[in-house]
Amino acid sequence: MYSTALLLRIAKTASVFAIGIMALIIVIGNTTDYYTNYNFVEHVLKMDTIFPDSNIQYRDINNPILIHAGYILLIILEAVMAFCCLKGSWVLFKNLKSDATTFHAAKKWSIAGLIVGILIWFFGFEVIGGEWFAMWQSTVWNGLSSAERIVTFIVLTLILLHLKDEELTN
């Protein structure tokens, strides 16, 4: 059986890899089926399904150019996240049996990808979409529970990565 230290390194690597694959699948879905998720972004930004008596509808964005630009920015950020996490998991994998200092230094790409993920799903979806555009008021175009699930796994992975790496024993 492998040592606990090696198993924890494998868990860190696998978690970052899984997040990278998730981000890659999202990018593939958002580019190959552009208008399915574009419609989601459009309705959130238009605020057309929030409470009818809401006094914050002045925040809505109805300009298709701005909506497309926002959606394309989202896809680019998801692609950056996918790249960083997949590269990060590869670098971690290559350093699985390195000394603790080297393995810790190999976390940079992974951490960068997780930061981008936090910016997308916490700042983008929960703060901007959920609060500014009142996505929480919509029963149809509400992605807050999905965003929360993703943010939770990203943050747990970031905490896991932060745990001190021990030297490997035989």
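Modeller: The structure holds eleven aromatic pairs. Keep in mind that this is a predicted model, where local features need pLDDT of at least 70 and side-chain atom pairs count only at pLDDT 80 or more, while totals for chains, interfaces and linings use all residues. Residues are numbered from 1 along each chain as its sequence is written, and side-chain values use heavy atoms, with hydrogens and water left out.

Biologist: Okay, why are Y34 and Y35 called an edge-to-face pair?

Modeller: Rings of Phe, Tyr and Trp (its six-membered ring) pair if their centres lie within 6.5 Å; planes under 30 degrees apart are stacked, over 60 edge-to-face, and the rest tilted. Y34 and Y35 sit 5.0 Å apart, centre to centre, with 75° between the planes, so they pass both tests for an edge-to-face pair. They also belong to one aromatic cluster with Y38 and Y71.

Biologist: And what makes Y34 buried or exposed?

Modeller: Buried means under 20% relative accessible area, exposed means over 50%, and partly exposed is in between (1.4 Å probe, protein chains only). Y34 has 19%, so it's buried.

Biologist: How do you know that R59 lies over the face of W132?

Modeller: For an Arg, CZ has to be within 6 Å of the ring centre and within 35 degrees of the ring normal; for Lys the atom is NZ. R59 is listed as lying over the W132 face, at 4.0 Å from the ring centre.

Biologist: What makes K12 and D165 a salt bridge?

Modeller: A salt bridge needs a side-chain nitrogen of Lys or Arg within 4 Å of a carboxyl oxygen of Asp or Glu. The N to O distance for D165 and K12 is 2.6 Å, so the pair qualifies. It links distant parts of the chain, 153 residues apart: K12 is in helix α1 and D165 in the segment after α6. Helices here are DSSP runs (H or I, at least four residues), numbered from the N terminus.

Biologist: Are those two buried or exposed?

Modeller: D165 has 10% relative accessibility, so it counts as buried. K12 has 2%, so it's buried too.

Biologist: What else does D165 meet in a salt bridge?

Modeller: K107, also at 2.6 Å, N to O. K107 lies in the loop between α4 and α5, so this pair ties together parts that are 58 residues apart in sequence. K12, K107 and D165 are therefore linked in a network of salt bridges.

Biologist: Last one: what makes up the largest nonpolar core?

Modeller: A nonpolar core is a set of buried Ala, Val, Leu, Ile, Met, Phe, Trp, Tyr and Cys residues joined through side-chain atoms within 4.5 Å. The largest one has 40 residues, and those with the most contacts inside it include Y71, W121 and F125. Helices α1, α2, α3, α5 and α6 each supply at least two of its residues, and the largest share, nine residues, comes from α3.
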